[in-house]
Amino acid sequence: MFQGIRRCAAAALLVLAAGCVGPPVQTMSDTRQAIQAAEAAGAQQAAPEQLAAARDGLKRAEDLIRVRDYRAAKREAIAARHNAAAALAAASTTH
């Protein structure tokens, strides 16, 4: 009976671990697109600090991926995407 429970627990841990292994490809892509949208909307003039923060965050995320720290890379990319969204919003209100 306990072996069955152990096997189920081990299988559950493997499934959870597998979800955290790879680089955050979709998150990085979403962040790049958000930055491009902010740039296209004129964020360089309307919100240069937020746009710079987004670009810097993306760069940090790329650096973290190179050293295979995927969780930290995902956190940086999400923060960068939020900065890009804020820059886009600021640019949209000025036009």
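## Packing of α2 and α5

In this predicted model, α2 and α5 are roughly parallel to each other, a class that covers angles under 35 degrees. The two helices pack at an angle of about 20°, and their axes lie 8 Å apart; axes are lines fitted to C-alpha atoms over the stretch in contact, with angles running from 0 to 180 degrees between N-to-C directions. Residues of α2, including Thr27, Met28, Ile35 and Ala38, meet residues of α5, among them Lys74, Arg81, Ala84 and Leu88, where contact means heavy atoms within 4.5 Å.

## Chain organisation

The protein chain contains 5 helices and 0 strands, these being DSSP runs of at least four residues (H or I) and at least two (E), respectively. Of its 95 residues, 24% are buried, that is, under 20% relative accessible area with a 1.4 Å probe. Among contacts with a separation of 6 or more, 71% join residues 24 or more positions apart.

## Nonpolar core

The largest nonpolar core has 14 residues, of which Met28, Ile35, Ala38, Ala43, Leu51, Ala84 and Ala87 touch the most other members. Such a core consists of buried Ala, Val, Leu, Ile, Met, Phe, Trp, Tyr and Cys residues joined through side-chain atoms within 4.5 Å. Two or more core residues come from each of α2 (25–40), α4 (48–66) and α5 (70–94).

Leaving aside residues up to four places away in sequence, Ala43 touches Ala38, Pro48, Leu51, Ala87 and Ala91.

## Basis of the values

Residues are numbered from 1 along each chain, and side-chain values use heavy atoms, without hydrogens or water. Local features need pLDDT of at least 70 and side-chain atom pairs pLDDT 80 or more, whereas totals for chains, interfaces and linings use all residues.

Key
Buried < 20%, exposed > 50% of the residue type's maximum accessible area, 1.4 Å probe, protein only. Parallel < 35°, antiparallel > 145°, perpendicular 65-115°, else oblique.
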